[in-house]
Amino acid sequence: MTSTPYTVADVMTTKVIAVTPSTGFKDIATAMERWKVTALPVIEGEGHVVGVVSEADLLPKEEFHEHRPGLIEQMRRLGDTAKAGTTRAENMMTAPAVTIRPDATLPQAARLMADRHIKRLPVVDADGTLKGIVSRADLLKVFLRTDEELATEIRRTVVERLFPLSHEAVKVTVAQGIATLTGEVRDGDLIPLAERLTHSVEGMVDVRCQLKHPADATSS
């Protein structure tokens with residue numbers, strides 16, 4: 001009943017700095033510093049994402065700069081020692097890349113980031129072609145919606161639809177992203193649903209549902 005949920009396409013950055021498998025170490029480090037990012041998609045052909053190279057992938061080069069790891073350490077950290085000995089993105093990147101589609105919802109993107117312990121995701125189409133990138137900060141953009149905008153959406157998509165006969169008796173206020181619903185409605189059974197749907201509005205911080213049914217006052 002609520003409006004269409006925000007998707008990754010609504011908040012992603014479409015101007016993406018990427019590198020190719022043959023990009024060298026120094027160029028990767030320079031790009032990260034210039035564009036203030038901690039990871040870069042690695043693409044080939046016409047934008048097909050084949051991996052991601054991050055600061056963590058570059059660090060072994062510095063870590064093993066002054067000493068060669070012993071045999072035991074080499075065996076224990078084969079991936080890191082291999083990265084320390086290479087200079088090209090294709091040998092340092094994490095592959096396959098963890099990606100997400102533009103039509104994925106923001107909760108889906110947040111869960112994927114949490115599950116994989118990553119801060120940003122390349123956004124790709126069905127063919128794996130890079131379309132953008134979404135970061136943790138991008139997912140928080142919905143919480144920048146104004147209180148007035150949130151109140152309007154709650155009234156339009158929740159209150160007026162659930163309570164067509166008594167919606168005028170419902171007052172909706174939002175302060176600092178926290179919604180408060182007060183007033184009397186004819187169908188008390190729908191009050192829990194109204195609270196759940198209000199919680200589902202993108203950008204909502206919390207909900208205080210104080211709606212009542214006339215029978216509540218009678219029974220008390």
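What follows is a walk through the fold of a single protein chain, from overall numbers down to individual side chains.

The model is a predicted one, so local features are reported only at pLDDT of at least 70 and side-chain atom pairs only at pLDDT 80 or more, while totals for chains, interfaces and linings use all residues. Residues are numbered from 1 along each chain as its sequence is written, and side-chain values use heavy atoms, with hydrogens and water left out.

In outline, the protein chain has 11 helices and seven strands; helices (H or I, at least four residues) and strands (E, at least two) are DSSP runs, numbered from the N terminus. Of its 220 residues, 39% are buried, where buried means under 20% relative accessible area, exposed over 50%, and partly exposed in between (1.4 Å probe, protein chains only). The accessible surface comes to about 12900 Å², and carbon and sulfur atoms hold 52% of that; areas come from the Shrake-Rupley method with a 1.4 Å probe, and for residues only the protein chains shown count as cover. Among contacts (heavy atoms within 4.5 Å) with a separation of 6 or more, 57% link residues 24 or more positions apart.

Starting with the helices, H2 (residues 25-35) has Ile 28, Ala 31 and Met 32 as its buried residues. These fall within an arc of 100 degrees seen down the axis, so they line one face of H2; the arc is that of the directions from the helix axis to the C-beta atoms. Turned away from that buried side are the exposed residues Lys 26, Asp 27, Glu 33 and Arg 34. Just after H2 comes Lys 36, with a positive phi of about 55 degrees.

Strands S1 (residues 39-44) and S2 run antiparallel and are joined by six bridges; two strands pair if DSSP finds at least two bridges between them. Leu 40 has Val 53 in S2 as its bridge partner. Three residues separate the two strands, and Gly 45 in the turn has a positive phi of about 60 degrees. S2 (residues 48-54) is mostly covered, with six of its seven residues buried.

Helix H7 (residues 106-116) buries Leu 106, Ala 109 and Met 113. They span an arc of only 65 degrees around the axis, which puts them on the same side of H7. Their cover includes helix H1 (8-11), strands S3 (120-124) and S4 (130-135), and helix H8 (136-139). His 117 follows H7 with a positive phi near 55 degrees. Thr 7, in the segment before H1, counts as buried because its relative accessibility is 18%. Beyond its neighbours within four places in sequence, Thr 7 is in contact with Pro 102, Asp 103, Ala 104, Thr 105 and Leu 106.

S6 (residues 178-184) and S7 pair in the parallel sense over seven bridges, with Gly 183 opposite Leu 211 in S7.

The largest nonpolar core has 20 residues, and Ile 154, Val 159, Phe 163, Val 172, Leu 181, Met 204 and Leu 211 touch the most other members. (A nonpolar core is a set of buried Ala, Val, Leu, Ile, Met, Phe, Trp, Tyr and Cys residues joined through side-chain atoms within 4.5 Å.) H9, S5, S6, H10 and S7 each supply at least two residues of this core, and H9 gives the most, with six. A second, separate core of 14 residues includes Val 11, Met 12, Leu 121 and Val 123.
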